[in-house]
Amino acid sequence: MPSFDVPEVDFTRYSNRQLAGVPLAVLALALLVLAAWYVLNGTPVSLGLEFTGGTELTIHATSAQAASQDAVRQAFSTPASAVRSIPSRPDTYVATFSSGADASALQSQARSAGYEVVSTTSTSATFGAQSQRFALLGLLGSFVGMAIIVFVLFRTAVPSGAVVLSAFGDIAIPVALMNVFGIELSLGTVAALLMLIGYSVDSDILLTNHVLRRSGSFYESVDRAMKTGVTMTVTSLVAMAVMAVVAYAFGIELLTSIGLVLVFGLATDLMNTYMLNLSLLRWYKFEGVSR
Amino acid sequence: MVDIRSNWRVVLLVVLVVGSLGALFVPGAGPVVGSAPADNATAGGGPTNLQYGLQLSGGTRVRAPVVGLTAENVTLPSDASERSTIATTIADDLDNVSSADVRLRLADSNTSADTVEVFANVTPTQFRGALDAAGLDADSATVRQGVTAATRDEIVETLSNKVNSLGFSGAQVSVQSTVGGDAHYVVVEVPNADLSEVRDLVNSRGQVAVLAYHPVNASAQTNDTVLTNDDIRRVSDARMQEGTFGSVPVVPITLTEEGGASFAEAMQRYGYTSSAGISNCQYPNGTPGDEYCLITTRDSEVVGTYGMGETLASSIERGDFQTTNSFVLQTNSMSEARQIAIDLRAGALPASLDIESGDVYQIDASLAERFKPLSFLTGLIAALAVSLVVYLRYGRAKIAVPMLVTALSEVVILLGFSSLAGLSLNLSHIAGFIAVIGTGVDDLVIIADEVTTEAVSSDRVFQSRFRKAFWIIGGAAATTIVAMSPLAVLSLGDLRGFAIVTILGVLVGVLLTRPAYGDILRYLLTDDN
């Protein structure tokens with residue numbers, strides 16, 4: 001019977017600089033990706049249809065000659081901005097049109113070309129712009145709210161700041177990874193990012209609490225916090241990875257993207273908590289307090 | 001012996017789980033909140049009492065702002081006829097605007113000042129000009145996009161009446177406002193309907209009118225509106241009626257007293273009841289100057305033309321008509337007659353919706369029905385994966401089994417709650433349930449680790465360790481709730497459902513299930529048991 005044990009790491013072998021260096025370098029790289037994306041595309045992340053406006057038709061080809069991306073393009077008088085097939089559903093295509101296209105007209109064009117219209121999503125540009133503003137407000141509001149709670153919980157600047165910094169990395173790195181993997185920012189992924197804000201600080205709170213509030217040496221506290229914290233994060237990570245894989249197989253795109261973003265974020269959280277947050281805490285405990 | 005008093009949380013948990021299962025599976029224990037009928041198409045056929053949203057049952061949702069401008073801070077005369085003159089002047093000053101598109105409202109308990117609304121695509125500058133022309137103080141008025149709350153309520157009521165009379169079951173019409181209230185959207189959700197059907201429904205105003213097309217002099221004709229929706233008191237079903245020219249589709253109606261009187265007066269004044277007026281209609285072919293037609297229109301489109309019948313003419317002349325007030329609207333086809341009956345019953349939509357500035361979601365029922373079991377299955381598989389990790393980590397059934405049972409009971413309670421509250425489940429809710437399993441297990445791991453670091457010697461040691469664990473759980477729960485709360489407030493599509501489920505799940509977890517897990521562990525682990 002295999003078993004899952006949290007390994008004990010000998011942190012004394014690494015300096016604070018070494019420990020914090022890796023996550024900080026990854027964070028810097030992530031910010032670089034976001035900045036480059038912003039310069040190239042005007043937004044730090046690729047925005048999905050819900051934010052840019054536009055129309056998306058999911059159609060199912062009823063005949064063999066209709067079952068190709070070219071045939072899909074030819075079915076519409078308005079040129080599609082993108083056509084892709086859904087791997088888990090045979091003969092099913094998603095055609096995307098820029099905003100301004102008439103959803104009803106596109107539907108009837110698809111039907112007369114021999115396609116079944118499976119689903120239609122259409123968002124106006126103004127509606128999309130508004131959703132963008134709300135999504136940004138939501139992310140900012142929830143991050144600031146989380147930071148306030150953390151400061152209230154620990155009431156000391158360095159440990160609280162360490163938690164907030166590592167939570168910032170937990171958001172920024174997955175967003176950069178979304179760009180790399182071609183996942184667009186949609187309402188589903190915004191929800192996943194918000195969830196990450198809540199989820200990812202759990203292990204940081206646990207670690208900081210054990211180090212600051214429990215008896216025992218620094219390394220004993222860290223070991224105990226890691227045992228619990230890594231179990232927690234790995235459990236969530238497995239749940240989300242399984243959800244992403246299963247939802248992909250079933251063709252439920254919303255659950256796939258939520259799952260993937262959370263997998264990115266939780267993996268990042270493992271690194272940030274036990275390298276970045278831990279080294280900042282150790283510096284605070286051994287050098288910061290005595291100053 | 002288990003002491004009930006110290007284990008009340010476990011007892012409460014069991015009671016809630018049993019209650020939730022009852023709410024889920026006992027037929028007829030459906031929603032106590034909300035008006036969705038138990039026999040609606042989305043709820044039927046499933047083994048549970050859960051309600052499903054469009055994503056999991058199929059249908060169309062249209063969300064759109066109302067077309068129109070509102071001028072606030074105007075002062076209107078208290079006299080009704082003066083107000084109607086103002087409305088006419090405003091309408092005349094604007095292109096393609098009829099007086100039915102202008103609405104003057106006096107201040108009431110909900111509003112501070114009088115308002116003027118125009119339900120058409122005009123610019124604020126044009127609207128100000130029209131206000132000026134009508135002698136209102138356009139400079140002090142504030143003109144904004146959108147309509148008043150009273151108009152939105154009217155739209156929601158009329159649209160609800162329409163979807164119901166068209167036989168769509170489980171349809172919902174509501175208003176969604178953004179935080180701060182600077183934008184409002186009317187949301188129309190119709191299960192098992194296609195986009196074009198819903199579009200037609202919200203695009204057509206359903207303004208029915210009868211026009212008198214009569215001579216002004218020997219060689220010219222004119223149109224005068226003699227009946228509108230407001231003049232009609234009762235509407236019978238559309239049917240075929242035998243007449244002089246064979247069978248025609250009709251809608252028998254009863255006019256209001258004032259409507260009947262003004263109609264009779266107009267007919268006499270225009271000469272319809274004279275021998276020249278009776279049955280003298282060849283529209284659109286007849287000679288101008290000798291045509292007496294009645295024209296039924298729907299949203300300014302002609303749907304029926306007919307002449308004055310001899311019976312009606314003599315009834316008006318005798319004064320009998322003015323007591324019965326019954327009239328028969330004729331149309332060219334039976335489908336138009338049915339449509340008119342629906343429009344008259346539901347009332348005219350005061351303004352139309354601007355679908356181009358909103359959003360549309362449509363999903364085929366067959367795909368949505370496929371998503372339903374698959375998304376639940378996804379959740380189940382994710383829960384199984386969690387179970388496996390927990391078992392591998394602890395290897396002790398005493399800790400792992402209650403952990404999973406507790407985490408799953410949270411989901412059962414949430415599902416029971418959803419079913420009772422009549423919440424329409426969508427994919428985002430399912431994602432929320434999976435998130436609840438994730439956070440739930442996290443907290444249970446904290447409790448288990450905290451309590452089992454060393455052998456638990458007594459109840460008191462257990463309690464102190466449990467309290468320490470709870471400090472972390474409380475902190476973590478607070479951050480999750482704070483992180484999710486913007487979504488519960490902002491109108492960001494379906495995400496509100498996800499946020500609400502997650503927040504509720506965390507609350508149920510922190511207040512109930514996680515302490516109960518502590519009680520179970522104490523019972524299983526402390527030495528004095």
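Domain bounds in these notes come from an automatic or database domain assignment.

**Entry 1: ground rules.** I am working with a predicted model, in which local features need pLDDT of at least 70 and side-chain atom pairs count only at pLDDT 80 or more, while totals for chains, interfaces and linings use all residues. Residues are numbered from 1 along each chain as its sequence is written, chains are lettered from A and ligands numbered from 1 in the order in which they are written, and side-chain values use heavy atoms, with hydrogens and water left out.

**Entry 2: chain A.** I counted 9 helices and 4 strands in chain A (DSSP runs numbered from the N terminus: H or I of at least four residues for helices, E of at least two for strands). Their order from the N terminus is α-α-β-α-β-β-α-β-α-α-α-α-α. Along the principal axes, the C-alpha atoms of chain A fill a box of roughly 75 × 50 × 30 Å. Of the 291 residues in chain A, 56% are buried (under 20% relative accessible area with a 1.4 Å probe and protein chains only; exposed is over 50%, partly exposed in between).

**Entry 3: domains of chain B.** I noted four of them: domain 1 (7–35 + 43–57 + 364–527), domain 2 (59–65 + 150–205 + 352–361), domain 3 (69–145) and domain 4 (208–346). Taken over C-alpha atoms, the centres of domain 1 and domain 3 of chain B are 54 Å apart.

**Entry 4: the second largest pocket.** I found a volume of about 1,100 Å³ for the second largest pocket. A pocket is an open set of points on a 1 Å grid where a 1.4 Å probe fits, with protein on both sides within 12 Å along at least five of seven lines; lining residues have an atom within 4 Å of a point. The lining has 33 residues, and those closest to the centre are B:Ser98, B:Ser99, B:Ala100, B:Asp101 and B:Gln207. In chain B, α3 (80–93), β4 (102–105), β9 (208–217) and β10 (220–228) each give two or more residues to the lining. Helix α3(B) has the largest share, 5 residues. Domain 3 (69–145) and domain 4 (208–346) of chain B each supply at least three lining residues. By class, I listed 14 nonpolar, 12 polar and 7 charged residues in this lining.

**Entry 5: two helices of chain B.** Which residues of α3(B) are buried? They are B:Arg83, B:Ile86, B:Ala87, B:Ile90 and B:Ala91. Seen down the axis of α3(B), its buried residues fall within an arc of 130°, so they line one face of the helix.

I then looked at α1(B), residues 8–25, where the 18 residues reach 26 Å from first C-alpha to last, close to the 26 Å expected. Here B:Leu13, B:Val17, B:Ser20, B:Ala23 and B:Leu24 are buried. They cover an arc of only 125° around the axis, which puts them on the same side of α1(B).

**Entry 6: single residues.** B:Arg105 is in strand β4 of chain B and is buried, with a relative accessible area of 17%. From B:Arg105 to B:Thr151 I noted 46 residues in sequence and 9.9 Å in space, C-alpha to C-alpha.

Most residues other than glycine have a negative phi. B:Asn73 has a positive phi near 60°; B:Asn73 is in strand β3 (residues 69–74) of chain B and is partly exposed, with a relative accessible area of 41%. B:Ser279 also has a positive phi, near 45°, and B:Ser279 lies in the loop between α7 (257–270) and β14 (293–298) of chain B.

Notes
Points joined across faces, edges and corners; volume = space filled by probe spheres on them. Nonpolar A, V, L, I, M, F, W, Y, C, P; charged D, E, K, R; others polar. Arc of directions from axis to C-beta. Expected span 1.5 Å × (residues − 1).
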